Amino acid sequence: MPIESPAIHWLDDHLLLLDQRRLPAHTEWLDVRDAAGAADAIRQMAVRGAPAIGITAAYGLALEALRLGPGASAARLAPALDVLAASRPTAVNLFWALDRLRARFDGEPGAALGKRLVREAERIHQDDQAANQRLGELGAALLPPNASLYTHCNTGALATGGHGTALGIVRSAWRNGHLKMVFAGETRPWLQGARLTAWELMQENIPVTLVADSAAGLLMARGQVDAVVVGADRIAANGDTANKIGTYNLAVLARHHRLPFIVAAPDSTLDPAMENGAGIVIEERDPDEVRRFGGTAMAPDGCPVYNPAFDVTPAELITAIVTESGVIRSPDRQALADHFARRPS
Ligand SMILES: CSC[C@@H](O)[C@@H](O)C(=O)COP(=O)(O)O
């Protein structure tokens, strides 16, 4: 049964992806037919956000197997796996999803292999939607009544059709009547918060106020924020968390103002093989993302630029990590190990 969601339409032999580089109001679809097309969509951020990247990579590999038909085999899929794995480095969900598909290589090759990969990709997508619902409810239960939240980047349902991760908590809090306001940081340089989060919340009449990233400190100092809620791209075994550039700044501010700093992510974002945040590869992107926006120059041509797409928040600044299988309070190596031991396999 093909899955239909707002931004990823799986149509058996191709994948339609809503192009997130544009304002969602200006809907444009990308028609992806193979693994190279899926990798391109991920690299260019036509599809973005850690869980959506994993889901798209899974469908991309399944598409490749369908394209190979009777010739599909582990050996012939190896180049497609490599292309997808090289698309973006930071979000672990990409590698986790490819591993889940690789685990289905054993068994009959050819068309049967294609069917197994399609089923696994659909399962990853469905599991993610269920995980979003659950973690949204668990996270909302941590908030005070009538909460004003600050969020960063876009962690929403736009890509996967789920509830969202940090925005899953926002949605659940809104449904429970516990949400007063969401401050959405615009998230320079790519402006995911301004373009996507603000749009997404406005569609559901959830109260949102867009702010420049640099306004966060004043808001907190003036008592207008009760908690900061963000997503994650990779969480190391000690709880250090990679997320969109600017997240670390918010965690430092939240600690100074004694505000809860909550990270929301599915279990697929936990990377027990990564000792700590120092080992996480931080993607660096095109300097022109900082120098220009759209067709407009924002800085002198040729101005040297440093454009890391993510940063790492040390675990000691995080109040809780919320996944679909539980809340990890005061995350550290032991708390993460306990979470892994407790969660259903
Ligand atoms: C959607 S889960 C959280 C993160 O993936 C999100 O905050 C983020 O950093 C996305 O980065 P992006 O570069 O837009 O893919």
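The shell around the ligand draws at least three residues from each of domain 1 (8-132) and domain 2 (135-342), with domain bounds taken from an automatic or database domain assignment. This is a predicted model, where local features need pLDDT of at least 70, side-chain atom pairs count only at pLDDT 80 or more, and totals for chains, interfaces and linings use all residues. Residues are numbered from 1 along each chain as its sequence is written, and side-chain values use heavy atoms, leaving out hydrogens and water.

In all, 17 residues surround the ligand, and Arg48, Arg88, Gln192, Asp233 and Lys244 are the closest; a residue is near a molecule if one of its heavy atoms lies within 4 Å of it. Helix 2 (50-68) and strand 9 (241-244) each supply at least two residues of this shell. Helices (H or I, at least four residues) and strands (E, at least two) are DSSP runs, numbered from the N terminus.

| Residue | Part of residue | Distance to a ligand oxygen |
|---|---|---|
| Alanine 50 | backbone N or O atom | 2.9 Å |
| Glutamine 192 | polar side-chain atom | 2.8 Å |
| Asparagine 243 | side-chain N or O atom | 3.0 Å |

The protein covers 98% of the 410 Å² of accessible area that the ligand has on its own, by the Shrake-Rupley method with a 1.4 Å probe.

Arginine 188 and proline 189 are joined by a cis peptide bond, with omega about 0°; proline 189 lies in the loop between strand 5 (179-185) and helix 7 (192-203). Aspartate 12, in the loop between strand 1 (8-10) and strand 2 (15-18), has a positive phi near 70° although this residue is not glycine.

Note on methods
Polar contact = N/O pair within 3.5 Å; in protein donor to acceptor, adjacent residues only side chain to side chain.
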